[in-house]
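Please look over the sequence and the structure shown here before reading the points below.

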Amino acid sequence: MCDLFALSAATNYSAPKSLPIFATRAGRNMDGWGIGFFRKNRAHVEKSAAHAYHWGRFHDGFQRLARVVSSKFIIAHVRLRTSGPIDECHAHPFILQFQGDDWIFAHNGKAPSIESYRSQKVRLDNVVSDSGRTFEYLLDGMAARYEGSRDVFCLFTALADTSRQLIEEYPGSYNYLLTNGSVLFAFSNHRQFVLLKESKNLERALLLTTVEHGLSEENWERFSRPSGSIGFLMAIVGSDILFREDI
Amino acid sequence: MCDIFALSAGVNYTAQQYLPIFAKKGRQNMNGWGIGFYRGDQALVEKSSERVCNSEQVHESFQRLARVVDSRIIVSHISCPLSGGSHSAQNHPFTLPFLNHVWLFVHVGLIKGIENYVTANEPSVGVDVYPARVLEYLRDQLISRLRYTPHESLGTSLVKSIKSLLSDYPGHYAFFLANESVLFAFFNFRSLMLLRESESYGNSLVVTSIEGLSDKEWVAIEAEKNTLGKFLVAAGPDVLYLGDVK
């Protein structure tokens, strides 16, 4: 199973401690890696189809980027292929535009049913995986709600509604991270996210990952789908969880 | 009645297009003005007890600040005599550090009894005007709710704090509470005007109590009847949440 990592801070931050630990603890993931971040308000992604960490050694590019990338939001993904071929193009994160903003998306889980989805508005070129289709579906859903909004378009509400519809139309297991450089959304309906604020051993930004016991021997808070709901959605800005809603 | 203004953007941006018009439209407010913004995670405030606008001339410093201040969050307030004293320190915005942020606060409205509120936490806002007590009250509530549960949602905790405030001190409220990344707004009277600016105008969100800052398509938002008020959360140029407090 793939794994996800996010750092969120009020000002630009690097993740030279937590990203390498993420790569080692997510060591079963052998089919690629990617790091997404923002420079000013433009999204950038560096990715590879190689191991992030293998036989005690980090991928040279991953290690250097972990030291160098500086952004309010950093999204990382290490891949174990369940859908789509193994190549750089299918490594996450992905970038698409919506409402003039760049959006970065990374996903873990398995949702074969959504592979047949075809967006009329956005397209991740050359990507043939459930993750790519999920990203397109989410932006389509938000676009439809944006066009249908009579006055004020509320991002959190639109994404919560779209995620609910996604699960209903295309059942599957979804953990995703989605950010436009101003807010980070984290959704889960399987496994869990663990979260740490004010780490004493790692970066002091808000850290979030799917790696089961977190990235340090500190008190990581576990968030998983409550019984009776089909998932939960969090909105994170800076080092704060602004909203968490069961769906 | 005082007036308030806020700008929220994804990157540092100036409000030079709107702040001078905000000052002119609010010129009947003759008891001072203030502009709050961020440098990194530090809140900075410039304020004055002088009139923001004299006949048709906007206060020179206000004009210069409007051109120069660039920040992801900018809040401004122009004061009427009801809002308190006449010393510049008594003008909004007020600041308080808590929960790992320095917060900016501006308020419009009338509340009975809150001037007697005594905070249990340090520091206090060192001025003797009731909006400062509103900020201290909200700070105290947020700290009590989040001190031992830091992973709780900030937005939900603020809504609970506002409900508590309205229960303890009923009155008319319209305020902005902001840190370096997020703008919160609550109001239970008047209406707020909201504009999402396009990318060519900074990809920003502007919210104000004054109508007609431009001829663009502003949206008026009002508190619904039979609710406690309206709550808005913005991050960058986006409204994340807009809903009723019940």
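Predicted model: local features only at pLDDT ≥ 70, side-chain atom pairs only at ≥ 80, totals over all residues.

Residues are numbered from 1 along each chain as its sequence is written, chains are lettered from A and ligands numbered from 1 in the order in which they are written, and side-chain values use heavy atoms, with hydrogens and water left out.

**Aromatic pairs**

- Over all chains, the structure holds 28 aromatic pairs. Rings of Phe, Tyr and Trp (its six-membered ring) pair if their centres lie within 6.5 Å; planes under 30 degrees apart count as stacked, over 60 as edge-to-face and the rest as tilted.
- A:F105 and A:Y176 make a tilted pair, at 5.8 Å centre to centre and with 40° between the planes. A:F105 lies in strand β8 (residues 101–110) of chain A and A:Y176 in strand β9 (residues 173–179) of chain A, so the pair ties together parts that are 71 residues apart in sequence. Helices (H or I, at least four residues) and strands (E, at least two) are DSSP runs, numbered from the N terminus.
- A:F105 and A:Y176 are both buried. Buried means under 20% relative accessible area, exposed over 50%, and partly exposed in between (1.4 Å probe, protein chains only).
- Another tilted pair is formed by A:F243 and B:Y241, with 5.1 Å centre to centre and 40° between the planes. This pair crosses between chains, from strand β15 (residues 240–246) of chain A to strand β15 (residues 238–245) of chain B.
- A:F243 counts as buried because its relative accessibility is 8%. B:Y241, at 24% relative accessibility, counts as partly exposed.
- A cluster linked by ring pairs includes A:F243, B:Y241, B:W103 and B:F184.

**An enclosed strand**

- In strand β12 (residues 204–208) of chain B, five of the five residues are buried, so the strand is largely enclosed by the rest of the structure.
- On one side of β12(B) are B:S204, B:V206 and B:T208, and on the other are B:L205 and B:V207; all are buried.
- Strand β1 (residues 3–14) of chain B runs antiparallel to β12(B) and is joined to it by five bridges. Two strands pair if DSSP finds at least two bridges between them. B:A6 stands opposite B:V207.
- Strand β11 (residues 191–196) of chain B also pairs with β12(B), in the antiparallel sense and over four bridges. Here B:R196 stands opposite B:L205.

**Nonpolar cores**

- The largest nonpolar core has 76 residues, and A:M142, A:F185, B:Y173 and B:F184 have the most contacts inside it. Such a core is a set of buried Ala, Val, Leu, Ile, Met, Phe, Trp, Tyr and Cys residues joined through side-chain atoms within 4.5 Å.
- Helix α3 (residues 130–146) of chain B gives the most to this core, with nine residues.

**The largest pocket**

- The largest pocket holds about 560 Å³ of space. A pocket is an open set of points on a 1 Å grid over the protein atoms alone where a 1.4 Å probe fits, with protein on both sides within 12 Å along at least five of seven lines; lining residues have an atom within 4 Å of a point. Its volume is the space filled by probe spheres set on the points, which are joined across faces, edges and corners.
- Its lining has 25 residues, of which A:K72, B:G10, B:V11, B:N12 and B:R72 lie nearest the centre of the pocket.
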